[in-house]
Amino acid sequence: MSPPPPPLGRGRRRAAQAFDEALDDADLVAARAALAQGRWQHVRSLLVRTGDEWDRRGHRITVLAGESYSAAWAREWLLAEPESADASVLLALAEVRRVLRGKGKPPRAREACQTAVARAPADPTPWLGLLMLECATGSDLDVVRHFEAVRGRYADHHHAHHLMVARLAGRRTDAGPDPLHEVYDFANWAAEQAPADSPLAILPVIAHAERYRVLAAAGYEPADPAASGHWAGRRARQVMKAAFDWWLEWELEGHPRRLIDLNFLAHAKFCEGRGAEAAALFHRIGRYATPAPWSYPDRDPHTAFAAARAGALGTA
């Protein structure tokens, strides 16, 4: 029996406040709405059109997989097309995201990912699923192994590098505000290895915010990032300037996850006290705010984003 569609009807206020992982991908939003009604053929068409744009494919499948109904409809798809690699990858990521929500079991998710790997050996997305799973539940060895498997298929994978930065930022918390922490080394290395037009140039900014998240949660930094000196040091300012200058030159309007980078960069510029530069970024972000890093370390992201945006635009 086919699974029922999700319940309809959210309150207006809740809908207005919801963060949408799909960001500005209208085709993804349409396919997700179709999948909610069991019309998985729209997802099949979307993924065929996506092809081997690995960042876009990973983004789209991860977002689709985050819906509570995705695993059930992916199984329906596999009943109709048992050899479908796309259906297998969607099911694998859906099982991973169920685990991350506390609903599924890691062994089942790992098995689904391995099945997807076998059906789509060139695709980094099943390995992205395994990396997501191990970052949450696994050992450092497994995290590194799966990250290398992603990089072996697509060296500049955006989401995988963000996951690694978040994982590394949590290491050696007792070292406090150490400017030589390994997360900074990793981010700088990845940015240097990437092509000149790669959004991984922003990765040192991501590392800076993720380390702040960890330090603030441990009491080494103030809970208000704008009151922290974390963005005030010479090294931090160099990182922020380099990232902002890169954005001015390249911008990369077409990258599927660019709005995540823009939110991190706007957050950094606001915390640095560079209101005019932050304002330019807020204009580009528009209504596409993301929970991270505005929620760091334990803040309401809607309130934090709105306050920072109002403050920055007031200085522009």
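How many aromatic pairs does the count come to? The count comes to nine aromatic pairs. Rings of Phe, Tyr and Trp (its six-membered ring) pair if their centres lie within 6.5 Å; planes under 30 degrees apart count as stacked, over 60 as edge-to-face and the rest as tilted.

Before selecting anything, note that this is a predicted model, where local features need pLDDT of at least 70, side-chain atom pairs count only at pLDDT 80 or more, and totals for chains, interfaces and linings use all residues. Residues are numbered from 1 along each chain as its sequence is written, and side-chain values use heavy atoms, with hydrogens and water left out.

**Stop 1: the ring pairs**

Select Trp40 and Trp77. Their ring centres are 5.6 Å apart and their planes stand at 10°, so the pair is stacked. This pair links distant parts of the chain: Trp40 is in the loop between helix 2 (26-36) and helix 3 (41-50), Trp77 is in helix 5, and 37 residues separate them. Helices here are DSSP runs (H or I, at least four residues), numbered from the N terminus. Both Trp40 and Trp77 are buried. Buried means under 20% relative accessible area, exposed over 50%, partly exposed in between (1.4 Å probe, protein chains only).

Now select Phe147 and Phe186. They form an edge-to-face pair, 5.7 Å centre to centre with 65° between the planes. Phe147 belongs to helix 9 (residues 140-153) and Phe186 to helix 11 (residues 182-193), 39 residues apart. Phe147 and Phe186 are both buried.

**Stop 2: charges over rings**

Go to Tyr184. The charged end of Arg235 sits over its ring, 4.2 Å from the centre. The rule asks for NZ of Lys or CZ of Arg within 6 Å of the ring centre and within 35 degrees of the ring normal. Then pick Tyr296, where the charged end of Arg213 sits over the ring at 5.6 Å from its centre.

**Stop 3: salt bridges**

Side chains of opposite charge can pair when their charged atoms come close. A search of the whole structure finds 28 salt bridges, each a side-chain nitrogen of Lys or Arg within 4 Å of a carboxyl oxygen of Asp or Glu.

Select Glu95 and Arg75. Their side chains meet in a salt bridge at 2.3 Å, N to O. The bridge links distant parts of the chain, with Glu95 in helix 6 (residues 85-100) and Arg75 in helix 5 (residues 70-80), 20 residues apart. Glu95 counts as buried at 2% relative accessibility. Arg75 counts as partly exposed at 31%.

Next, select Arg299 and Asp224. The closest N and O atoms of this salt bridge are 3.8 Å apart. Here too the pair links distant parts of the chain: Arg299 lies in the loop between helix 16 (291-294) and helix 17 (301-315), Asp224 in the loop between helix 12 (203-217) and helix 13 (234-250), 75 residues apart. Arg299 is partly exposed at 32%. Asp224 is partly exposed at 34%.

Move to Glu277 and Arg274. Their salt bridge has its closest N and O atoms 3.1 Å apart. Glu277 is buried at 18%, whereas Arg274 is partly exposed at 39%. To see a network, select Asp140, Arg167, Arg171, Arg172, Asp178 and Glu182, which are joined by salt bridges that share partners.

Just after helix 15, Gly286 takes a positive phi of about 60°.

**Stop 4**

Select Arg257, in the loop between helix 13 and helix 14 (258-272).

Finish at Asp123, in the loop between helix 7 (106-119) and helix 8 (125-137). Asp123 is buried at 4% relative accessible area. Its side chain makes a polar contact of 2.7 Å with the side chain of Arg57. Another polar contact, also 2.7 Å, joins the side chains of Asp123 and Thr125. A polar contact is a pair of N or O atoms within 3.5 Å; within protein, one must be able to donate a hydrogen and the other to accept it, and residues adjacent in sequence count only if both atoms are side-chain atoms.

Notes
Helix = DSSP H or I, 4+ residues; strand = E, 2+ residues; numbered from the N terminus.
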